[in-house]
Structures are given as structure tokens and as C-alpha cells.
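These are my notebook entries on one structure. I set out the terms as I came to them, and I recorded what I looked up under each heading.

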Amino acid sequence: MTSTGTAELVIVANRLPVDRVVEADGSLHWRRSPGGLVSAMEPVMKLHGGAWVGWPGSADDVIEPFEEDGLQLIPISLSASEVEEFYEGFSNGTLWPLYHDVVAKPEFHREWWDSYVTVNRRFAEKAAEVAAPHAMVWVHDYQLQLVPQMLRDLRPDLRIGFFLHIPFPPAELFQQLPWRRQVLEGLLGADIVGFQLPGGAQNFVRLVRQRVGFKTHRDTVYLPDGRLVRAASYPISIDTADFEALARSVTVTERAAAIREALGNPKRVILGVDRLDYTKGIYPRLRAYAELVADGVFDVEDTVFVQVATPSRERVEQYRRLRDEIDRLVGRVNGDLGEIGRPAISYLHSSYPREEMAALYRAADIMMVTPYRDGMNLVAKEYVACRYDNDGALVLSEFAGAAFELSQSWLVNPYDINGMKAALVEAASAEPKELTRRMKAMRKTVIEKDVASWASGFLDDLTTIRPVHRRRVRRAVPAEGRGGTT
Ligand code: GDG
């Protein structure tokens, strides 16, 4: 066992929960990143003397641990080539498309994998150093799947949890990964492996049985050394009360009215808000709307589309290509269908403060969230949280994790443009009573199940789980040979 630290709870995530801000006078300081995960973790972190291990976000920065707003922050440094190979390469060029139904083609490069192993080890070593004896460590997301086992090797005394924010794919896709076995074994270092949906947990357990050869029963994996690993779903949520309070504020209310005014006070505002990512289904949703305008069902005078696409992963080739595709589509639609002072689509390739997001949600009559595949999709839940009048329509992809809980939305298949057009027309012509019925039910869900209940649900399970089985068990089937890249 390596020497231990003092943190009773350690969060390990690719990014630190702060952004570096450079003021006009050149001075530097840190600002807490907006986001549910940080606010959900803050009270527990403070209570437990918690520490957060993560990358500050720029290459070659060597920063000493520091405290910010009562949080102990432990920066991990990445070199420029590690950013390229571990982050842009293996994380976002291999795992991200592979885990999202191969919507884009994943690339497999051995040097990217080597970098992934090196960086995961660095995170694991740092977590091992700062965790107190028998502390809880909660590792997050696809960038760090090897950390649980690496950490367990260094610190067998710890309780280790892992949560995957993106989908976990079915065996048929996962087995394309040349390092599939190493990834499964990495995750098995955790006591609990958490997923957004039960389907992800089932895919994982099935793969462990098939590829690693360990015995499994329902949600439990029985390891030969007597340890138990539980795979379960913990659908993530948002800070609902905080979003609603923001939506009710005078500033946001006035801003929402100003947005509608700037759009020419149309009868209907349709909204999309996404990171500019090929999994989010921005293209088919804009096409569905444009066809309805071209068909004469919608008129640009009274039905406009606002699409916010937050810049994302701009150094990755597939993201650059997507940006060009959307630019071209928006240009063509506005060229063909827009009128002077009335573009059909207001397209904003930019990122905004949270207040602006809330104002957009307030200004929108219809929210379109149509990913080809999404772990959860918080935008859908944020829209619902902001609709305190119980109005507004949510058109939601069946392939977003959020569809599991928000089943009263208009559910659509983003591959079916005609189906999306029909749902959009239905949502646009729904009676107020129908809108209220659906929105009320969805609001009940996001109010009851917020991010604080998500975090405490996971951590309570991690505290109480019995990590050891009485008897040692044999492998159920012979495992694949070690040493290769299977
Ligand atoms: C991953 C999984 C899962 C967006 N633009 C701006 C902005 N945002 C905020 C939204 C929302 C968040 O970013 C995006 O969250 P999503 O859930 O929609 O999507 P991913 O980024 O892909 O997140 C996803 C999530 O992890 C959590 O587990 O739900 O499935 O893919 O909160 O509001 N916020 C601000 N300005 C912007 O311009 N302030």
C-alpha cells in the first residue's frame, strides 16, 4: 500500500470543476464551472473533507494542489501529445463514437491506447496518494475506465465507485475494441459500476461473463478472489430547484421576452441546445423543420427555429466536418426559405452563460432534443425544470437516456424524418390542456429525482455495499487468453 492522504471522499474526473479565468489586467484566477455534478458534490465534499482530482484543461500546465471555495483541488498535468493521444484520440476518437452506436467510425490506434494507459495510471496514483485510509473514491466517465483496477492494486483498502456518463454499448459493438478485455478488467476494480440506464449495466455484465469469464448473477459479478462487483443504473439529473429559481428571476423573465421580441414575436419558437456533436442529431431535426416550412405547414413569419450549438472538441476531425455540414444546411435553408429580417433558423455557434440558457428555455414553445444516442441528456431535464407554468412541449429522441424517465414527451426516432415532422406538428398544435398534462408529469419526475438524490443514491450504495463474497468462486467459463489485445 502506498502512503495515504487525508481525503475521506475523492472524486476523480477528467476535468477539474473549475475554469481558469484570465482578467483584462492579466491576473489569473479560478472560477467554478457551472454544472450539476459540481453543485451536487459540493455539500458532500465539504462534509467529508473531499478532494477532486482532474485535469485543469490546458496542455503542459504543472499546477500545485490548491483550495477553491472550500474544495481541495488536485490538478493532473497532461502533455500536448497526451492531450492529442489520450484525450482527443482514444477518449474522443475511439471510445466516444464506439460507445454511441458507432454513429461515427471509431479509430483504433495503438499509440492512443498506450497514452490512455499512461494517463489513467497517473490519475490512479494521484488518487491513491490523497485518499485517507478506507476512504471512498468515485471515478467518473469513459476517459478513466482503467483507474478503478489500477487504484485497487495500489490501495486495496478503498471503496471504489465508477460512473459512466455515456451509454455502455451492446456486446456486438463493444467487442470491436482491440483492448476490450483490459477495459472490462479496469472497470471491475470498482465495487459499484454505475450506468445511466439498466440496459448499460446489463450489457456490461453480459460482456464480463462472455469476455472475462467471471461468474455473474443478475447485477452482480463474482470475482475469483471472493470480491463482488455490482453493476446498476443511476440516471443522472440536474439541480432542478436551482434551475427553476433562475427561470423565475426577473432578469431571466425579461431576457426571455427580449429574445422573443428580437425574433419578431412569432407565434412559435422551436429551440435546440447542444454541444456541436455528431451524436446530438442536430442535422435531422433542422431538416424536419425546414421540410415543414417548405411544405407550407409552418410559415417563417410565425414559426422560427433557434439552434444553439456550443463549440466542442474542435481539434477532432469529425467535429470540424460536422460544423461544416451544419453551416451548409443552415445557409441553404435560410437562403431558400428565409425572408428579409426573418431567417428560418437562427443559428448560434457560441456558448452562453447559464442565465441565457434559462431565458432561451423560457422563450421556447417547443424544445427539440433529438440525439442519435445520448447517455442521459441534461438539456431535456433543464427545459422541463424551467417550465414552471406547466406549458411548453418537449420533443425527445427515444435514444436519449432521458426518454426512460421523460416518457410523457413526444418521443421520436431521429432516423425517421417523417416521424419527427409528424411529432413536431402534433406538438405545435397540441391543446394547452394536453401540454399541461404532459409537462406536469415530467416536472414531478425532475423535481423528485434531482442531482442531489442521484449523488446520494450512488454514495449511499457505495457506503453500504458488502464488497466480499463468502466463498471464492471459480471462473464460469475459460477466460480468453491474457497478454494479447483481446
Ligand atoms: C454527457 C453525456 C449526460 C450547453 N451549452 C451551454 C451550456 N450547456 C450545458 C447544458 C447542459 C450541458 O451543457 C450538456 O449536457 P448534456 O447532458 O446535454 O450533454 P453532454 O455534454 O454530452 O454530457 C450526457 C451528461 O454527460 C451528464 O451525465 O447527460 O448524455 O453525453 O447542462 O445546459 N451551458 C452554458 N452555456 C452553454 O453555451 N452555461
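**Entry 1: terms and source**

I call a residue buried if its relative accessible area is under 20%, exposed if it is over 50%, and partly exposed in between, with a 1.4 Å probe and protein chains only. Helices (H or I, at least four residues) and strands (E, at least two) are DSSP runs, numbered from the N terminus. The model is predicted: local features need pLDDT of at least 70, side-chain atom pairs count only at pLDDT 80 or more, and totals for chains, interfaces and linings use all residues. Residues are numbered from 1 along each chain as its sequence is written, and side-chain values use heavy atoms, with hydrogens and water left out.

**Entry 2: strand 8**

I asked why strand 8 counts as largely enclosed by the rest of the structure. The reason is that four of its five residues are buried. I then looked up its neighbours, where two strands pair if DSSP finds at least two bridges between them. Strand 7 (residues 131–140) pairs with strand 8 in the parallel sense over five bridges, and Trp138 has Gly161 in strand 8 as its bridge partner. Strand 9 (residues 192–195) also pairs with strand 8 in the parallel sense, over three bridges; here Phe163 has Gly194 as its bridge partner. Strand 7, helix 4 (residues 147–154) and strand 8 make a right-handed β-α-β unit. Right-handed means that, with the strands pointing away from the viewer, the path from the first strand over the helix to the second runs clockwise.

**Entry 3: aromatic rings**

I counted rings of Phe, Tyr and Trp (its six-membered ring) as a pair if their centres lie within 6.5 Å; planes under 30 degrees apart are stacked, over 60 edge-to-face, and the rest tilted. The structure holds 26 aromatic pairs. One of them joins Phe163 and Trp454, which are edge-to-face at 5.1 Å centre to centre, with 75° between the planes. This pair links distant parts of the chain, for Phe163 is in strand 8 (residues 159–163) and Trp454 is in helix 16 (residues 451–464), 291 residues apart. Phe163 and Trp454 are both buried.

**Entry 4: strand 16**

Met367 is the bridge partner of Leu271 and stands opposite Leu394 in strand 17.

**Entry 5: a cavity**

I searched a 1 Å grid over the protein atoms alone; a cavity is a set of points where a 1.4 Å probe fits but cannot get out, and lining residues have an atom within 4 Å of a point. Grid points are joined across faces, edges and corners, and a volume is the space filled by probe spheres set on the points. The structure holds one cavity of 30 Å³ or more. The largest cavity has a volume of about 30 Å³, and its lining residues include Leu394, Trp410 and Met439. Helix 15 (432–448) and strand 17 each supply at least two lining residues, and helix 15 gives the most, with four.

Notes:
1 Å grid on protein atoms, 1.4 Å probe; cavity = no way out; pocket = protein on both sides within 12 Å on 5 of 7 lines; lining within 4 Å.
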